[in-house]
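Dear colleague,

I am passing on the structure we spoke of, which you will find directly below. My notes on what was found in it follow, and I would be glad if you read them alongside the coordinates.

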Protein chains: 2
Amino acid sequence: MRAEIIATGSELLSGGVVDTNTVFLSEELLDIGIETAFKTIVGDDEKDMEDAVRIARERVDVILVTGGIGPTEDDITRRAIARVLKKRLVLSDDALKAVKAVFKAKEYPAANDRQALIPAGARLLGNPVGVAPGFVLVEDEKFVAVLPGVPAEMQAMFREHLRPALEEHFGGKAVIRRKVLHTCGLSESKVNELIQDILKQKRPAVGLTARDTSVDIRIVAHEGSGARSRSTMERTEAEIRKKLGDTVYGVDGQEMEEIVGALLLQRKMTLAVAESCTGGLIGARITNIAGSSAYFERGVVVYSNAAKTELLGVPADLIERHGAVSREVAKAMAQEMRERARTDLGLAITGIAGPSGGTPEKPVGLVYIALATAGGVTTTENRFLGTRTQVRQRSAQTALDMVRRYLIA
Amino acid sequence: MRAEIIATGSELLSGGVVDTNTVFLSEELLDIGIETAFKTIVGDDEKDMEDAVRIARERVDVILVTGGIGPTEDDITRRAIARVLKKRLVLSDDALKAVKAVFKAKEYPAANDRQALIPAGARLLGNPVGVAPGFVLVEDEKFVAVLPGVPAEMQAMFREHLRPALEEHFGGKAVIRRKVLHTCGLSESKVNELIQDILKQKRPAVGLTARDTSVDIRIVAHEGSGARSRSTMERTEAEIRKKLGDTVYGVDGQEMEEIVGALLLQRKMTLAVAESCTGGLIGARITNIAGSSAYFERGVVVYSNAAKTELLGVPADLIERHGAVSREVAKAMAQEMRERARTDLGLAITGIAGPSGGTPEKPVGLVYIALATAGGVTTTENRFLGTRTQVRQRSAQTALDMVRRYLIA
C-alpha cells in the first residue's frame, strides 16, 4: 500500500516556511500501515495541481492533498481534483450548513459558499476546528482525500475523520514497524562495511542515513502485525547491535545528552565541563535536559589562555610548552575541573574549530578530549572534518559519547 | 524559469525528519531569479527516483536533486539519473582524487570509489566540507544538478559551486528581489499592528513569519532588475525600519551573534558571560562565529549555587536572601564576571527554564539578564513563554540583543 502526499501553497516553495504537514501525515500513515512513497509540493497553480494529482493516480493507491480549499481565489484544489477525476463540483447542502454554522451570529462572507463545493460522489470530512470541510473520494480503487492546509485544522480533521475512514477502508491490512538506531564514532562507509550483509536483506528492510553527528540505521518491517514480525525486527536489531557494539548510543530520536543524563542519574554521579573550542556547546546540550541540575554542577568556557590559568589553574608554562591545543592541556583541564567542582567526572575539550588557526602539525579539526574520573584521566586525539559548526558539533557529540562509554563500561 | 527540487531519503517519508534542504534551495534559487514550481520527495528507491527525474524533465527547466550519492547500497541517485538521461556512469579521475584526498592518511574504505562515478559528460561539483562530489549535466536545455543530502555539505557545495554555475548559465534573466528583516523584542501581532499599512501593499509584497527567536519581515519584488525596482525595495525597507526602530537587528539570515561580534570588533571591546539557566548556550552561539576569540574572553556556567559563589564570588547570603533567580544575583554575576575577566562587558543570565522549578512568585519563564559596563550595571526582568528549549533560546537571544543595543546606543 503506497501513498503520495500532495501539499499546496506558494509559501512552501519560496523558502522560509518549513513543511510540517507532510511530516505529520507520513508519520500517521505509517502508523496504520501505509507507506508514503512520494511527497509533492506544488504552488497555488491549478494546472500544476492537476498535473500532480494525475501523476499520483498513476503511481500510488492513496493520495492525500493538503491545502488549497479556502475561500480565496488562489485556493485551487477542488477544481483540480474534479477535473482529473472527471467529476462535476456540486454544492453540498451539508457542507454549506457546516460552513455557515462556524460563522453563527457573525457576518457571513458570501465567498465562503465556495468552500461547500465538493466533487459529485465525494464524502464530506468535517472540520473540527475551522471552516473549510475536506472530502474523500474512492474511484478506480484509488483513495483520494483532501484536507485543509492550516496545520491545526489538518491534524484535527485527520485524527477525527480521515484516520477512521482510512482504517475502515484498509482495515486489517499490513502494519509497518520502524526502529532507528543512532551510532557515534563510525563513518557511514564503516557502518556500511560492518553490516553490509544485513543491509542487503529485504525483510525487514535496513537502511543508513548519515547525519551531522551520527550515522543512523533504520529497520522497517512491512510484514503482518503479529508476534512473528516483532521477532524478526528484534532479531535484526540484535544482529546489528552485535556487529556495531557500543557505538549504538540510542534509538528513535534519543539525543546523546539524554542518554548521558539518564546514566549519570542512574549511577548517582555528577559532572563538570571545561570547554575551549566548543565554547559552551556541551554545557548547553547537557542543560537542555529537564532535571540536569541533579548531575550537572558547573562549566567553564576557557576561551583565552588567561582563563585556562585563572579558572582552572592550568600552568601558563604548560600551555607555553605544549600549546593550548594539546593532550597535556586537555588532561590538566579535566583533572582541575573535576577537583575544583568536586564532581565525580571532569570533562575537558580543546581543539581547533577553524576555519583559520590551523598549522601543518595542528590542523583544523584536531581536538583533544579528556575525561577525569576517580580512576585517572583518559585523553583522546580526534581529527574531525567539516565546517567550524560541524567540527564543534562533532566534538561535543564525541565528548558526550566518551562520558557515555565510561558510564556503561 | 521554473525549477523542481527532488530530495531523496526514506527518513523524509516516514516522519520524524523535517526536510530543510529544499527550503534552503528554494530560497537560494529565488534569490537568483529562479522560481521553484515543484518539490518532490522520494525514498531510497531507484525506480521511484527515475520516475521523479523523468517527470521533472517534462515540466521544468532546472532540476536539483539532493541526497542518494553516498557510498552505501541505498544511494541510488547516480544510477537513476544516468538511466533517465541515457548516459553511462564513468569513473571520474578528478572525483576519485577528490574523494581520496579527504581521507588523507586515514584508512580508505574501498566502497568510496562508488562516489567518484558520474554520468558521462557531467561536470563535477566539488564537496568543500565532505566526501561525495556532486555534478551538473545540461542536456536538451534542461539543467540537472545533483547535491549531497547532508545539509552542511549540500549548502557548502551549492554556495561555492552550483550557485556560480547557475548564475553563469541563466545570467541576466528576470530577477526576483527579496530581503528579510529580523526583529527582536516584539510579538508577531505587535509587528503586524505597527506595519499593517505596509503589509497590505502589493509591490513589493511584504509578509511576516514568526520564528522562535525573531519575527521576520519579508519584502519580495517580482519586478525587473533595474534601478526602479531597487528603489521601491529600498523605500519599503526604510518605511518598515522607521516604524520598528532598533528592534530590527539584522537582514537576510544574519544571526544575532554575528551582529554582536561585528559590533564588538568595531568598538574594540571584549565580553565575558556568566550563564545559569542557558547553561552555555550564549557562549556556544558567540563562539560559533569564526574569529570570536578576538572579543570573547571566557564564560562560566554557574549551574549550582556553589559554582556561583566559587567561580564568581556571589555571596552565599545574597543567594539565600533573594534566591538564585533574582535581579540582585544577576547584577552581582555580571559585575563579578566583568571584573574577574577584565573585559569591557560582563553579561549574566539567571532564570527558570522549566518545565518544573516554578512558583507563583517566580514562574517558569522568569529570566533576569544583567549587563555590566564601565558605566554600571543594567538589569532586565523578562517573562518568556514556551517549552524549556524555547525559554532558553529566547533568553539567549534577548541577552545578546541587550549587548547589541548597548553597543549601538
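In chain A of this predicted model, four strands make up an open sheet in the order 10-11-9-12, and their pairing is antiparallel. The edges are taken by strand 10 (205–210) and strand 12 (248–251) of chain A, each of which has a single partner strand, so one side of each is left without a neighbour in the sheet. From one strand to the next, the twist averages 25°. Strand 9 (residues 177–183) of chain A is joined to strand 12 of chain A by three bridges, the two strands running antiparallel, and within this pairing L181(A) has V251(A) in strand 12 of chain A as its bridge partner.

Chain B likewise holds an open sheet of four strands in the order 10-11-9-12, with antiparallel pairing. At its edges stand strand 10 (205–210) and strand 12 (248–251) of chain B, and because each has a single partner strand, one side of each is left without a neighbour in the sheet. Neighbouring strands of this sheet are turned against each other by 25° on average, direction ignored. Here the pairing I would point you to is that of strand 10 of chain B with strand 11 (residues 215–221) of chain B, which run antiparallel and are joined by six bridges; in it, G207(B) has R218(B) in strand 11 of chain B as its bridge partner.

As for the chain as a whole, chain A has 14 helices and 17 strands. Its radius of gyration is 28 Å, whereas a compact globule of 409 residues would have one near 22 Å, and the C-alpha trace of chain A spans about 85 × 50 × 40 Å along its principal axes.

In the second pair, the axes of helix 2 (residues 46–59) and helix 3 (residues 77–84) of chain B come within 9 Å and cross at roughly 45°, which makes helix 2 of chain B oblique to helix 3 of chain B. Helix 2 of chain B passes helix 3 of chain B in a right-handed crossing. By class, this contact has five nonpolar, one polar and six charged residues.

Finally, the contact between the chains takes 71 residues from chain A and 70 residues from chain B. On the side of chain A that touches chain B, the largest share, seven residues, comes from strand 2 (residues 35–42) of chain A, and by class that side has 27 nonpolar, 27 polar and 17 charged residues. Strand 14 (residues 296–301) of chain A and strand 14 (residues 296–301) of chain B run antiparallel and are joined by three bridges, with V301(A) standing opposite G299(B) in strand 14 of chain B.

With kind regards

Note on methods: Residues are numbered from 1 along each chain as its sequence is written. Chains are lettered from A and ligands numbered from 1 in the order in which they are written. This is a predicted model: local features need pLDDT of at least 70, side-chain atom pairs count only at pLDDT 80 or more; totals for chains, interfaces and linings use all residues. Two residues are in contact if their C-beta atoms, placed from the backbone, lie within 7 Å. Ala, Val, Leu, Ile, Met, Phe, Trp, Tyr, Cys and Pro count as nonpolar, Asp, Glu, Lys and Arg as charged, and the others, Gly among them, as polar. Two strands pair if DSSP finds at least two bridges between them. Axes are lines fitted to C-alpha atoms, for helices over the stretch in contact, and angles run from 0 to 180 degrees between N-to-C directions. Angles under 35 degrees count as roughly parallel, over 145 as roughly antiparallel, 65 to 115 as roughly perpendicular and the rest as oblique. A crossing is left-handed if the near helix is turned anticlockwise from the far one by less than a right angle, and right-handed if clockwise. The radius of gyration is taken over C-alpha atoms; the globule rule is 2.2 Å times the number of residues to the power 0.38.
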